[in-house]
Amino acid sequence: MIETTPQTPRLDRARELLQHTFGYADFRPPQERIIDHLISGGDALVLMPTGGGKSLCYQIPAMLRPGTGIVISPLIALMQDQVSGLRQFGARVAYLNSTLTPEEANRVERQLLQGELDLLYMAPERLLTPRMLNLLQQSQIALFAIDEAHCVSQWGHDFRPEYIQLSQLHEQFPAIPRIALTATADEPTRKEIIQRLALQQAKRFIAGFDRPNIRYQIAENDGNARERLLRFIRDEHPGDAGIVYCLSRKRVDEVAGWLQSKNIEALPYHAGMDNQTRQRHQSRFLREDGMVIVATIAFGMGIDKPDVRFVAHLNLPKSVEAYYQETGRAGRDGLPANAWMIYGLQDVITLRQMQASSEADESHKRVERHKLDAMLALCETTGCRRQALLGYFADPLEQPCGNCDTCLQPPQTWDATVAAQKALSCVHRTGQRFGVNYLVDVLLGKGNERIRQFGHQRVTTHGIGGEHNAGEWRTIYRQLIARSLLAVDLEGYGGLRLTEASRSVLRGETTLMLRKARKIEKKSRRQSQHNQQIKAADHSLWEALRKLRHDLAEAQGVPAYVIFHDATLMEMVESRPQNRQHLALISGVGERKLEAYGDDFLDLLQKFGQSRATRPDDTLEETLRHLGRGLDVEAIARERNLTLTTIYNHLTTAIEEQRLTLDEAISIPPDQLRTILFAFERYGAEGRLKPVYEALDGEVDYGILRCVKATLT
Ligand code: ADP
Ligand code: ZN
């Protein structure tokens, strides 16, 4: 069913603002309904994924309603960037926080009283001071926007006590519309937000959670996580901005230092550093292009840098919510981005132990346990990661996504019932107090001193595990712990115990299918998807535009992205506007920015001249450019008025020249691809296509077969 869009004069004004001020062609679907609702004075609860465009939902109503919109945001460190970003669009914005001098604060307060502000940002603790409340009573308020609203939830993962008091807003300003926004909220958190902020009457706007531009990849740690991280950054994200999450401060320092020694511009960030250094690192990450920040989870909330191209986890997050929120910091601009994680046995053991020994009460512990179990299930799934992730948020995805590691490279499972029985009985026979390394030694029949000391060379499980090597046994143990078939001791030595659930496996009542350990492909993708898009366009113009943006930003002391986003620059590369009218058509170029930067950018664009795409000999390049914009084969053929065969031929050439991988060129569901590959194996002798085509009942286009074949040679 197509959602009907409200058409009201209110919305016409909103759309005009969107187009002229912000420079965007149209609203995204939920935005206009939210904006309409708010302008007309209603309360709203908005759940929208990161990058979905939540900010406009309150910025535009605040600019259109009489008075000032008060934005409550938890992190004062980021307010300045938020405000300078909005000023670029010509909005009248300010913030109030402890970084201002009393004179500066006084000036802002006067502006508020005199109705000279569209938006005013502040932290909750400031808002709720008697002085501020008094000031607000005397001013005209357009609305209250409560950003990161999940901070009000005690069960959520970012609880902030100051948020609790925000229920007062409803009592003190019953007539002023309130909008609460968050990107993460499972059902219990959502209920808590409604209850604590007294939003029972609010209309709920819940957008899907999917972030289709993020590619999820989760791999087992085989002991060289750091090297693999380095390879991942070098192969897929050279020169890109990214965040690397580690569990401990020590690890943060170590990983940052190691990346620096490998010539990656990496900076550490954690709570153990002095405030000033931490601030400096955060600000460099925000302002400079292509920095990598290595951080504990303390980093990132409220970071709205749009061009973070990857988020890497070297440790397991505690919950799916945390994973979703942390990975969500990648690709806010909608361009392709990677969420990459490595986890291993030690993560599972450490987190289980931390939980078991925490001081929290039993019901809290139970919640935490469920959350970790769900996270582990996501790691161990043999199905599509995105389906598992969205399923957790009750936002089911019908088909496997084709853009996660399990879709792109389906994992194999095996019947591990017997191996699990051996592993579990080894725990039992040795008295349920030893850790994995010891148990593996016993299974492999080692005769070291420790084993002899305990007399375990005589237990029946000694030496019965020769069919697997030590690494494989560790993988098996990890999965048994992840599935709660083994529990970790409370004392912190990593000793394992049987659980209620292990009995039925030991008795042979359940068949246990486990994931096969998988070596991540050595074959490196030569370039990130993103870089490939650029390459297909024009690298030198892209670099020149980035340089110009950097210089303009530096002159004003603002982050580069507040001048223009990558997506906007990319569109300039593609369409190469040569005059103001054409430049104004580019998404992200509003009136104020056109005025401020139009001439600089046009000068540069004119130097590079018209698009090469207009030259006839560049037809392959033109196809790749369209592909880079996200069009599929059919759409490219239509747009270029060429046959499908021609477009497939271009793609085949690009694959042969290793400029594209198969999944970048065309999208085939993984099981269909398997069928095709099978047909090639059986019937494709001497590279002949016709027998393959026939074996597939003529259902797969020759063009697709040619593309697949190009990957086989
Ligand atoms: P969120 O707060 O939901 O994470 P933002 O409000 O920061 O997301 O928006 C994400 C990006 O999308 C921003 O760069 C914003 O300028 C852009 N954006 C928002 N709405 C639109 C729109 N209607 N058209 C084009 N771009 C948009
Ligand atoms: Zn998938």
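This is a predicted model: local features need pLDDT of at least 70, side-chain atom pairs count only at pLDDT 80 or more; totals for chains, interfaces and linings use all residues.
1. Starting with the largest cavity: its lining splits into one nonpolar residue, three polar and six charged (Ala, Val, Leu, Ile, Met, Phe, Trp, Tyr, Cys and Pro count as nonpolar, Asp, Glu, Lys and Arg as charged, the others, Gly among them, as polar). Its volume is about 50 Å³. Of the 10 lining residues, Asp240, Ala241, Asp307, Arg546 and Asp566 sit closest to its centre. In total, the structure has five cavities of 30 Å³ or more. A cavity here is a set of points, on a 1 Å grid over the protein atoms alone, where a 1.4 Å probe fits but cannot get out, and lining residues have an atom within 4 Å of a point. Points are joined across faces, edges and corners, and the volume is the space filled by probe spheres set on them.

2. Residues are numbered from 1 along each chain as its sequence is written, chains are lettered from A and ligands numbered from 1 in the order written, and side-chain values use heavy atoms, leaving out hydrogens and water.

3. Helices α25 (residues 539–556) and α28 (residues 591–608) have axes that come within 11 Å and cross at roughly 160° (helices are DSSP runs of H or I, at least four residues, numbered from the N terminus; axes are lines fitted to C-alpha atoms over the stretch in contact, with angles from 0 to 180 degrees between N-to-C directions). The two are therefore roughly antiparallel (under 35 degrees is roughly parallel, over 145 roughly antiparallel, 65 to 115 roughly perpendicular, the rest oblique). The crossing is right-handed (the near helix is turned clockwise from the far one by less than a right angle). Residues in contact (heavy atoms within 4.5 Å) include Leu541, Leu545 and Leu548 of α25 and Phe601, Leu604 and Phe608 of α28. By class, this contact has 10 nonpolar, two polar and two charged residues.

4. With α33 (residues 670–683) and α35 (residues 702–712), the packing angle is about 70° and the axes are 11 Å apart, so this pair is roughly perpendicular. Leu673, Ile676, Leu677 and Phe680 of α33 meet Ile704, Leu705, Val708, Lys709 and Leu712 of α35. That contact counts eight nonpolar residues, no polar and one charged.

5. Last, α11 (residues 225–236) and α12 (residues 249–261) cross at roughly 50°, their axes coming within 11 Å, which makes α11 oblique to α12. Their crossing is right-handed. Seven nonpolar, no polar and four charged residues make up the contact.

Notes: On a 1 Å grid over the protein atoms alone, a cavity is a set of points where a 1.4 Å probe fits but cannot get out, and a pocket is an open set with protein on both sides within 12 Å along at least five of seven lines; lining residues have an atom within 4 Å of a point.
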